[in-house]
Structure formats: C-alpha cells, structure tokens
Amino acid sequence: PLPDVEFCGYCITHPSESKINFRIQTRGALPAVEPFRKGLNDLMGVCQHVLNTFERSMKEFRAQKEEEMQ
C-alpha cells in the first residue's frame, strides 16, 4: 500500500472496447501519475517473476522427462 494514495480503482468500459478507466486519488500535492507509474512498474516486476518461475519449472520438467527416457 502506498501511504500517499487515498483511493485507487479501475473499471472496464465495455468488453468490446480496449479501454480501462483508472481513478487514483492521492493525499497532498502528489500527482496521481507517480503512484500509477510505480504500480505499473511493480506489476511488470511481478509478471517477470512469474514468467521466470514458469520457464525454470518447464526447463526442470523437460530435463526430468529426458532423464526418465534414458
């Protein structure tokens, strides 16, 4: 949680549209774009971790299957 963010939410306008509306309300003079940018960067880090974990698991699984076939 970000201490300077009072409210954060989103809605998808319609399933057939490629639009998402974000609402970020901050405390004080912090521009909303800053916590939005941080959130996106954090999300990219999480996605990269998931991808790395998946790829490592697939590599281990393939190595195990090859070992079993020998």
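Q: Which elements each supply at least two residues of the lining of the largest pocket?
A: They are β1, β2 and α1 (33-69). Helix α1 gives the most, with five residues. Helices (H or I, at least four residues) and strands (E, at least two) are DSSP runs, numbered from the N terminus. This is a predicted model: local features need pLDDT of at least 70, side-chain atom pairs count only at pLDDT 80 or more, and totals for chains, interfaces and linings use all residues. Residues are numbered from 1 along each chain as its sequence is written, and side-chain values use heavy atoms, without hydrogens and water.

Q: What makes a space count as a pocket?
A: On a 1 Å grid over the protein atoms alone, a pocket is an open set of points with protein on both sides within 12 Å along at least five of seven lines. Lining residues have an atom within 4 Å of a point. Ten residues line the largest pocket here. Among them, C8, P35, F36, G39 and L40 lie nearest its centre. The space in the largest pocket is about 250 Å³.

Q: Why is I20 called partly exposed?
A: Buried means under 20% relative accessible area, exposed means over 50%, and partly exposed lies in between (1.4 Å probe, protein chains only). I20 has 48%, so I20 is partly exposed. I20 lies in strand β2.

Q: What makes the nonpolar surface patch?
A: Y10, I12, I20 and F22 make the patch, about 460 Å². Patch residues have over 30% relative accessible area and no salt bridge, and nonpolar side chains (Val, Leu, Ile, Met, Phe, Trp, Tyr) are joined within 5 Å. β1 (5-12) and β2 (20-26) each supply at least two of the patch residues.

Q: Why is the contact between R37 and E34 called a salt bridge?
A: A salt bridge needs a side-chain nitrogen of Lys or Arg within 4 Å of a carboxyl oxygen of Asp or Glu. R37 and E34 meet at 3.5 Å, N to O, so the pair qualifies. The two residues are three apart in helix α1, so about one helical turn separates them.

Q: How many salt bridges does a search of the whole structure find?
A: The search finds three. In one of them, D42 pairs with K38, the closest N and O atoms being 2.8 Å apart. K65 and E68 also meet in a salt bridge, at 3.7 Å, N to O.

Notes:
Patches are made of residues with over 30% relative accessible area and no salt bridge: like charges are joined within 9 Å, nonpolar side chains (Val, Leu, Ile, Met, Phe, Trp, Tyr) within 5 Å. Accessible areas come from the Shrake-Rupley method with a 1.4 Å probe; for residues, only the protein chains shown count as cover. On a 1 Å grid over the protein atoms alone, a cavity is a set of points where a 1.4 Å probe fits but cannot get out, and a pocket is an open set with protein on both sides within 12 Å along at least five of seven lines; lining residues have an atom within 4 Å of a point. Grid points are joined across faces, edges and corners, and a volume is the space filled by probe spheres set on the points.
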